[in-house]
Amino acid sequence: MDLSLLVDLYELTMAQGFFIYKNKNCATFDLFVRQLPKNRAYLVACGLEDILDYIKKLKFTGESLDYLRKLRLFSEEFLKYLKNFKFTGDVWAMPEGTVFFANEPIIRVTALIIQAQIIESFLLNTINLQAMIASKASRVVLAAKGRGVYDFSLRRTHGQDAGIKVARAAYITGCRGTSNCLAGKLYNIPVVGTMAHSFVMCFKEELDSFLAYANTFPGRTILLVDTYNTKRGIENAISIGLYLKEKGYRLRGIRLDSGDIVSLSKLARRMLDGAGLKYVKIFASGNLDEFKINGLLDSGARVDNFGVGTNMGTSVDAPSLDVIYKISEVTDEEGRFLPTMKLSKGKVTYPGRKQVFRIKGKNGKFIKDILGLEKEKIKGAKLLRKVVNKGRAVYSPPALGRIKEFCKNNLSAFPEELKVTRPSYKYPVMISPELKRLREGLISQLSKRQ
C-alpha cells in the first residue's frame, strides 16, 4: 500500500521550503509524550515494527506525484526530488514493550531536515495509537491479577487498521488472545470466541441452542448464559456440561455478559462445583475496563477470564496521547550540529541529542530514569538503541511472543505503586546536570537572538 501521502500538508510545504533554502542541513528530532494522561503512571512503547517497515518502503509513486501536481503548490524541481526520495538518516528508538514516561524520547531521528520532517506525521500517528492502547491494555491485565484477559474490541475500534493494531498492542502487554481473526492470522495471536445472544434466540429453547453448539464444537464449548434468565441459563449449561462429560469432552466455560456479575459469578461457581464441573471456567464481558475489573475482584467475583472490548480498544478514558515531535539540534553552514529548543510558554523542550538512562536499585528494581545528553557517562541502562543507520534497518524486531515476555519482565521491575488502578506514585525522571546547563544557557542565547 502506498503510504507516501499519509502526511500532513504542511510537512510537504515545509519540505519544499527546506529544498530551496536548507537542502543540505541536517537535524535531530525527538518524539515524546509531553504529559501522562489522568490515572496513568506509565506508558508502554509500541509501534516500532510498523515504523521500520514504513521507512524501508517509503517512496512517492507516480500517482501520488500527479496528485501533488494538481494541487498547484509544488514546483517541478521539488516533485522531481520527491520522485527519487529515500530516507537516508539514522533512527534511535525504545524497543516495543519498554515502559516509558513523560518527556522521555521514544524515538530520535537524525537526518537531512527535509527527510526528518516528511516522516513526522506517520511516526506520531503510529505511536499515538499503539502506545496508547498498549498502555491501557497493560492496566487492564494488571487489574485482572493473573486472570485471563482477551481482546473483544474489533467492532468498536476506530476503523479497520486500528482494530488490527489494537489486537497486537493488547497482546504485547499481556492479553492472551483476540476475537479478531485477521489479527490472529497476521500476528499469530490466539483467536477466541463464544457465541452471541442471536445464536441462542434463533432456537425455540435455550437448551436446544446450547446442545447444537456443543455438538458442533464439543472440544471448545463456551456458553452464553444470560439471554433470558441467568440462573436457568446456568442450569442449562450444567446439563450440557454433564452431556459432554459423558461423551469424553469438557465444557470449557460459561459467559456472563450482563447483570450483577459479582453475585451471578458466585452463584454459577456454586452450581458448577455442586454438579461436579469444577473445571468449567467463568468468563465475564460487557463494557469492562481496569476500573470495573478491579471493583469486581475486590467484591469477590468468581471470574476466571475477562473479555474486554470498547473501553480497552478505544482507551475510552484517555483516547489520545500528548505525543509530539520536536527539533532538538540543527546544522549550521559548516555542518556543525547546534542545539536548539522551543521557548513557547508551557511547551519548552530539551535541546541536544539525548539518551534515557534507567537506574536500578540494590534490590534489582528500577528507582529512577535520567534524561541526559547522549555522550554523558551515566551509570544505567540506555533505553534508546539504534534501529536505522543511514537509511538501512540495523534492528530486527523480535517475534511477538518475545516482545510480550520482554514487556512483562520490564514492567515487573518497577515498584508496585506504579501499577495500581488509581496511582498516586510518580516515577522519578531526573534531568542530568549537563542537560540542565545546556538548556539554561540556550534559553538565554535564543532569547537574545530573537
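Asp50, Ile51 and Tyr54 of helix H2 meet Phe122, Leu123, Thr126, Ile127 and Gln130 of helix H6, where contact means heavy atoms within 4.5 Å. This is a predicted model, in which local features need pLDDT of at least 70 and side-chain atom pairs count only at pLDDT 80 or more, while totals for chains, interfaces and linings use all residues. Residues are numbered from 1 along each chain as its sequence is written, and side-chain values use heavy atoms, with hydrogens and water left out.

Helices (H or I, at least four residues) and strands (E, at least two) are DSSP runs numbered from the N terminus. The table sets this pair beside two others, with axes taken as lines fitted to C-alpha atoms, for helices over the stretch in contact, and angles running from 0 to 180 degrees between N-to-C directions.

| Helix pair | Axes come within | Crossing angle |
|---|---|---|
| H2 and H6 | 9 Å | roughly 160° |
| H6 and H7 | 8 Å | roughly 45° |
| H1 and H4 | 10 Å | roughly 105° |

To put words to such angles, under 35 degrees counts as roughly parallel, over 145 as roughly antiparallel, 65 to 115 as roughly perpendicular and the rest as oblique. H2 and H6 are therefore roughly antiparallel to each other, and H2 passes H6 in a right-handed crossing. A crossing is left-handed if the near helix is turned anticlockwise from the far one by less than a right angle, and right-handed if clockwise.

H6 also meets H7, and these two helices are oblique to each other, with a right-handed crossing. On the H6 side the contact uses Leu129, Gln130, Ile133, Ala134 and Ala137, and on the H7 side Ala162, Lys165, Val166, Arg168, Ala169 and Ala170. Those residues divide by class into 8 nonpolar, 1 polar and 2 charged.

The axes of H1 (residues 9-21) and H4 (residues 76-83) cross at roughly 105°, which makes H1 roughly perpendicular to H4. Leu12, Ala15, Gln16 and Phe19 in H1 meet Glu77, Phe78 and Tyr81 in H4.

**Pockets and a cavity**

Rolling a probe the size of a water molecule over the atoms shows where empty space is left. On a 1 Å grid over the protein atoms alone, a cavity is a set of points where a 1.4 Å probe fits but cannot get out, and a pocket is an open set with protein on both sides within 12 Å along at least five of seven lines; lining residues have an atom within 4 Å of a point. Grid points are joined across faces, edges and corners, and a volume is the space filled by probe spheres set on the points.

The largest pocket holds about 760 Å³ of space. It is lined by 23 residues, and Leu3, Asp50, Phe122, Asp161 and Lys165 are the closest to its centre. H2 (48-57), H6 (120-143) and H7 (160-172) each supply at least two residues of this lining, and H6 gives the most, with 7 residues. By class, the lining of the largest pocket has 10 nonpolar, 5 polar and 8 charged residues.

The second largest pocket holds about 600 Å³. Of its 23 lining residues, Phe152, Arg155, Arg255, Asp257 and Ser285 are the closest to the centre. This lining divides into 8 nonpolar, 11 polar and 4 charged residues.

There is also 1 cavity of 30 Å³ or more, and the largest cavity has a volume of about 40 Å³. Its lining includes Ala45, Cys46, Leu48, Ile51 and Ile127. The lining of the largest cavity has 9 nonpolar, 1 polar and 1 charged residues.

**Two backbone angles to look at**

Most residues other than glycine have a negative phi, and most peptide bonds are trans. Asn39 has a positive phi of about 65° although it is not a glycine, and Asn39 sits in the loop between strand S1 (26-33) and strand S2 (43-44). Asn103 has a positive phi near 70°, and its place is the loop between strand S4 (99-100) and strand S5 (107-112).

Notes: Ala, Val, Leu, Ile, Met, Phe, Trp, Tyr, Cys and Pro count as nonpolar, Asp, Glu, Lys and Arg as charged, and the others, Gly among them, as polar.
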